[in-house]
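Hi,

Here is the structure I promised to pass on.

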Amino acid sequence: MKRILEITEDGSHTLYLPEMDEHFHSVHGAIQESVHVFINNGLKRCQQPEIHLLEVGFGTGLNALLSFLNRQDKIIHYYSLEKYPLTEAEFCQLNYAQNYSHEVQALFRNMHQSPWEQPTTIAPGFELTKLNCDLRTVDLSELPAFDLVYFDAFAPGKQPDMWTDAIFQKISLQCKPGAIITTYCAKGDIRRSLQKNGFAMQRLPGPPGKREMLYGEKDL
């Protein structure tokens, strides 16, 4: 699958898939989108001191890097699903860590280079487990119950089978009561599907270039 490196409006990289006519992130700014949707309205809202986090779509590793940088004193067990991992040539071009220390740049490379299917301690208090799998077929019940979900699949119009009742039921069954789910998508049918599968949903202001996003908490 061909992936083309592009610069978004905030200066951070994204990848473009010609085959799907789809970007990995908002062209208005990859970093600012991820910070708004997943960090400010996900990680920072989760009050658990020890968080089991599920990410749908490891992709460029941006959400994982930002979660590490914003973890404060939280302990994070980060589980990320990815069917089509980037090559080393691709992830080495990404500029997300370039304005940070050499240690952070090395840590970002380690996130990509760490082995699949096994937990890796990236730094004290941050454990990454990457799973090379398809969400539609993977058995999530083998993983711990989750406190936080980053739902970052490609848009429903491009990948509709990732936004179904069956998918949200699978995720809901593996979430603790009170668990948070956050996504850039704000479509009404997605909100209703998440509600039907046990999440109290609300629309929040979206990142630059997008009016709204969705945020939900698993029913107690």
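Let me start with helix α5: its buried residues pack against β4, β8 (146–151), β9 (175–183), α6 (188–196), β10 (199–205) and β11 (212–218). By packing I mean contact, that is, heavy atoms within 4.5 Å. Helices (H or I, at least four residues) and strands (E, at least two) are DSSP runs, numbered from the N terminus.

Before going on, two housekeeping points. This is a predicted model, where local features need pLDDT of at least 70 and side-chain atom pairs count only at pLDDT 80 or more, while totals for chains, interfaces and linings use all residues. Residues are numbered from 1 along each chain as its sequence is written, and side-chain values use heavy atoms, with hydrogens and water left out.

Back to α5, which covers residues 165–173: the buried ones are Ile167, Phe168, Ile171 and Ser172. (Buried is under 20% relative accessible area, exposed is over 50%, and partly exposed is in between, with a 1.4 Å probe and protein chains only.) Looking down the axis, these buried residues fall within an arc of 130 degrees, so they line one face of the helix; the arc is that of the directions from the helix axis to the C-beta atoms. Ala166 and Leu173, on the other side of α5, are exposed.

Next, Thr60. You'll find Thr60 in the loop between β4 (50–56) and α2 (62–69). With 2% relative accessibility, Thr60 counts as buried. Its side chain makes a polar contact of 3.4 Å with that of His25. (That is a pair of N or O atoms within 3.5 Å; within protein, one must be able to donate a hydrogen and the other to accept it, and residues adjacent in sequence count only if both atoms are side-chain atoms.) Not counting residues up to four places away in sequence, Thr60 touches Leu15, Phe24, His25, Leu86, Leu94, Tyr96, Phe108 and His112.

Gly125 is another loop residue, between β6 (120–123) and β7 (126–131). Gly125 is partly exposed, at a relative accessible area of 29%. Leaving aside neighbours within four places in sequence, Gly125 is in contact with Lys74, Ile75 and Ile76. The C-alpha atoms of Gly125 and Gln72 are separated by 9.8 Å, though the two are 53 residues apart along the chain.

Cheers
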